[in-house]
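Reader: I would like to go through this model with you. I will ask what backs each label.

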Amino acid sequence: MRPVSPKLAFHKMHGLGNDFVVIDARVQSVTMTEGLARALADRHTGIGCDQLILLEPSDTADIAMRIFNADGSEVEACGNAARCVTQLIGAEAMIETPGGTIYGKSEGGGATLDMGQPRLDWDAIPLAYAMDTLDMPVGWDALENPVAVNVGNPHLVFFVDNADTVDLARLGPIIEHDPLFPDRVNVNVASVEPDGSLKLHVWERGVGLTRACGTGACATMVAAVRRKLVDGETVVRLPGGALSIAWTPGEAIRMTGPAIHVFSAEIDIEMLL
Ligand SMILES: N[C@@H](CCC[C@H](N)C(=O)O)C(=O)O
């Protein structure tokens, strides 16, 4: 008879439809690999998610959060998941991530995060060679002259008249894999609305089009403030809903938005691999 394999406990959560499988490795032993992350994220044969989130003990914060995209790549930051982790672990949390430490505070059905300061130098994005990150002389079809921002992870932001009309499903993967971005890049297309809010669509590195991207909303706010399109604080509207983002040059980015716990369950990982 086949021995019973150990079950992996997980939480399914989302922030504005950007969804996560959250595994707490503080209470069970897990060896995460690219293949396991990809299998768990697979919507046909796994549980399905945009990002796999692994929680571990931290020496410098309340908890450490590791982030794996649906393609299995491990990355530095995830804003929507940081709100979900804040909700999961309690009222307030210092969350260590590879992209920096985030401070989160739960509020009702969501959380407010202090995301730290953006990095704006070309080699901090990173880009393959030196250029002005506020006025980049590059373009892909109708998408031209972007702004690059690193908010723990790398983002490129294009401002257009109407973000709904751009074929991001076609251009996103081309830009993500352009040699200008040695670590690949998340691609944001935004328009400034008549009420001063920002409408945003995001092609996420390692995932594709998502319903929302928290770090993308932060990077877009930073780009919009640097371009003097908005100031102080605004609402960023994504396909999955709205986030409130505040940023003043020289200060940390603040993000407020929902975080939803959908269910908790267990899975036999041998069934996936
Ligand atoms: N969904 C996230 C961002 C996740 C990581 C991103 N795809 C990357 O590769 O950097 C968010 O809410 O910020």
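Reader: Into which domains is the protein divided?

Author: This is a predicted model. The protein is divided into domain 1 (7–115 + 259–271) and domain 2 (122–251). Their centres, taken over C-alpha atoms, are 23 Å apart.

Reader: How do you know how many residues of domain 1 are in contact with domain 2?

Author: Two residues count as in contact if their C-beta atoms lie within 7 Å. On that basis, 20 residues of domain 1 are in contact with 18 residues of domain 2. Helix α2 gives three residues to the side of domain 1 that touches domain 2, the largest share.

Reader: Where does the largest nonpolar core lie, and how do you know?

Author: The largest nonpolar core has 80 residues. Val 21, Val 22, Ile 53, Val 85, Ala 217, Cys 218 and Met 221 have the most contacts inside it. Helix α4 (residues 214–226) gives the most to this core, with eight residues. Domain 1 and domain 2 both give residues to the core, so it lies between them.

Reader: Which residues does Val 22 touch?

Author: Beyond four places in sequence, Val 22 touches Phe 10, His 11, Met 13, Ile 53, Leu 55, Cys 84 and Leu 88.

Reader: Which residues carry the "active site" feature in UniProt?

Author: The UniProt record, an unreviewed entry, places that feature at Cys 78 and Cys 213. They span 136 residues in sequence, yet no two of their C-alpha atoms are more than 7.7 Å apart, so they gather at one spot.

Reader: Why is Cys 78 called buried?

Author: The cut-off is 20 or more other C-beta atoms within 10 Å. Cys 78 has 30 other C-beta atoms within 10 Å, so Cys 78 is buried. Cys 78 sits in the loop between β5 (74–75) and α2 (79–89). Leaving aside residues up to four places away in sequence, Cys 78 touches Gln 51, Ile 67, Gly 214 and Thr 215.

Reader: Does Cys 213 count as buried or exposed, and why?

Author: Cys 213 has 34 C-beta neighbours inside 10 Å, so Cys 213 counts as buried. Cys 213 is in the loop between β15 and α4. Not counting residues up to four places away in sequence, Cys 213 touches Asn 18, Asn 186, Val 202 and Glu 204.

Reader: Which residues does the UniProt annotation "binding site" cover?

Author: The unreviewed UniProt entry lists, among them, Asn 18, Gln 51, Asn 80, Asn 153, Asn 186, Glu 204, Gly 214 and Thr 215.

Reader: What makes Asn 80 count as buried?

Author: Asn 80 has 33 C-beta neighbours inside 10 Å, so the label is buried. Asn 80 lies in helix α2. Beyond four places in sequence, Asn 80 touches Gly 15, Leu 16, Asn 18, Ala 212 and Gly 214.

Reader: Is Asn 153 buried or exposed, and how do you know?

Author: Asn 153 has 27 other C-beta atoms within 10 Å, so Asn 153 is buried. The loop between β11 (147–150) and β12 holds Asn 153. Apart from neighbours within four places in sequence, Asn 153 is in contact with Val 75, Glu 76, Ala 77, Gly 99, Asn 186 and Thr 215.

Reader: What puts the buried residues of α3 on the same side?

Author: In helix α3 (residues 168–176), the buried residues are Leu 168, Gly 172 and Ile 175. They cover an arc of only 80° around the axis, so they are on the same side of α3. On the other side of α3, Ala 169 and Arg 170 are exposed. The cover over the buried residues of α3 includes β9 (139–140), β12 (154–159) and β13 (186–192).

Reader: Why are β8 and β18 called paired?

Author: Pairing needs at least two bridges. Strand β8 (residues 110–114) and strand β18 (residues 254–258) have five bridges and run antiparallel. Gly 110 has Pro 258 as its bridge partner in β18.

Reader: How many bridges join β1 to β19?

Author: Eight bridges join β1 (residues 7–15) to β19 (residues 260–268), and these strands run antiparallel. Met 13 stands opposite His 261 in β19. β1 also pairs with β2 (residues 18–24) in the antiparallel sense, over five bridges.

Reader: Which residue takes a positive phi in the hairpin of β1 and β2?

Author: Leu 16 does, with a phi near 55°. That hairpin has two residues between the strands. Gly 15 has Asn 18 as its bridge partner in β2.

Note on methods:
Residues numbered from 1 in each chain as written. Predicted model: local features only at pLDDT ≥ 70, side-chain atom pairs only at ≥ 80, totals over all residues. Core = buried A, V, L, I, M, F, W, Y, C linked by C-beta atoms within 7 Å. Buried ≥ 20, exposed ≤ 12 C-beta atoms within 10 Å, placed from the backbone. Helix = DSSP H or I, 4+ residues; strand = E, 2+ residues; numbered from the N terminus. Domains from an automatic or database assignment. Arc of directions from axis to C-beta. UniProt positions renumbered as here; feature names shortened; annotations may be inferred.
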